[in-house]
Amino acid sequence: MSAPIDLRLLPATAATSADGRLSIGGCDLGGLAERFGTPLFVYDEAHLRARCREYTAAFGPDAVAYAGKAFLCRAMVRLVAEEGLHLDVATGGELHVALSAGFPAARIVFHGNNKSEEELASALASGVGRIVADSFAELDRLEKLVKGGLPVPRVMLRVTPGVEAHTHEYIETGTEDSKFGFPIRPGDAVEAARRVAASPHLELAGLHCHIGSQIHVLQSYALATAVVVGLAAEIEVAAGPGAVKELNLGGGLGIAYHDGDEPPAVADYATVLRRAVDESVAHVGLSHRPALLVEPGRSIAAAAGVTLYRVGTVKEIAGVRTYVAVDGGMSDNARPATYGARYEAFLPERVTAERPLVVTVAGKHCEQGDLLVRNATLPADLAVGDLLCTPATGAYGYAMASNYNKVPRPAIVFVAGGEARVVVRRETVHDLLRLEAE
């Protein structure tokens, strides 16, 4: 392939100037790189807000929780709050960031497969709206804390429906062999529901199910919904009518990472889930239709963000491969090394240029597996010093970033209306020593 980058992979406000330079949010990417340095995460604020609004339009204003694990900082927390979404956090650290940004605790959903007593105590004391319980041991901890004087929590039980999500095994979370949740088939989920419903220290809010991430096959959601609604009917028999008030069917909707990807539309996703809930409730004779909630993360944040790098080395190995090494790598995007995630690459200062040169974009880390984009296509006149961009890095880029090889993490800027603002500063070498004891 030698065509210019498919602009559909870029954030909503991406625009190309007459001389082939790319801007996002009215800000020229080359100018941003000069001003803030590289590597650099650039987020289109208008794109983030539009995706939040698309979800609330499809599911309703009180039915969407942004999954913070995809990308979280205080600026993102405030944006999510302004758009009226709930917020899903998975650890005490994410909870701390949310609360420090002033997010209403009652609109927080607290996940995690091994939440500590300290994390749970903080959540209860803060008034977190829902705790998604993942094990009997966690129920023990919650009851202990409430007996000690903390408020009674609204508990959702995470269950594993045993459904194939047609995605990578590392991001498939709804199969029976999963570290998450109460399995349905052996009866653990019904037993957990019976216990919560009978406890004076816990309130059963409903069931939670998340089958995986980067999902393109909507039928997988329909199958999981049928299983979970069937479980709700079993729980009614054990715990009484109306025991399951809410069904949180997770998130995981896929996005386009490279040319040829055709992810489902949010509206189609909503239609499939609603139909599946309605049909399943009627089929099993559930006494009422539970409220439907979803938790999108990647499909809100991913396409809103791009990463800018500076090319430092072009190494041609005759008859083998050409490596293009950039000033970042697996410390700012772990997904390719972790599970073979694929990305595109292009030069944002020559965005309309043909791309006949096939290369592998490599990171600077001391690992042969630090390869950001295999078989990337770039302009033939690629040179050291060029600015290179990988699109769709707004989810699980900075969220999974590290200091491997003692590389400081990049800055993050939000762009809107021709203005750029730093929302997370670039780390310095002094930050690398910040935690060391003398």
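Colleague: Which residues have the most contacts inside the largest nonpolar core?

Modeller: This is a predicted model, in which local features need pLDDT of at least 70, side-chain atom pairs count only at pLDDT 80 or more, and totals for chains, interfaces and linings use all residues. Residues are numbered from 1 along each chain as its sequence is written, and side-chain values use heavy atoms, leaving out hydrogens and water. A nonpolar core is a set of buried Ala, Val, Leu, Ile, Met, Phe, Trp, Tyr and Cys residues joined through side-chain atoms within 4.5 Å, and contact means heavy atoms within 4.5 Å. The largest core here has 111 residues, and those with the most contacts inside it are Phe59, Tyr66, Leu157 and Leu207.

Colleague: How many residues are in the second, separate core?

Modeller: Leu9, Ile24, Leu387 and Cys389 are included in this core. Its size is 23 residues.

Colleague: How far apart in sequence are the parts that Glu82 and Arg49 tie together?

Modeller: The two form a salt bridge (a side-chain nitrogen of Lys or Arg within 4 Å of a carboxyl oxygen of Asp or Glu), with their closest N and O atoms 2.6 Å apart. Helices are DSSP runs of H or I, at least four residues, numbered from the N terminus. Because Glu82 lies in helix α3 and Arg49 in helix α2, the pair ties together parts separated by 33 residues.

Colleague: Is Arg49 buried or exposed?

Modeller: Buried means under 20% relative accessible area, exposed over 50%, and partly exposed in between (1.4 Å probe, protein chains only). Glu82, at 55%, is exposed. Arg49 has 17% relative accessibility, so Arg49 counts as buried.

Terms used: Helix = DSSP H or I, 4+ residues; strand = E, 2+ residues; numbered from the N terminus.
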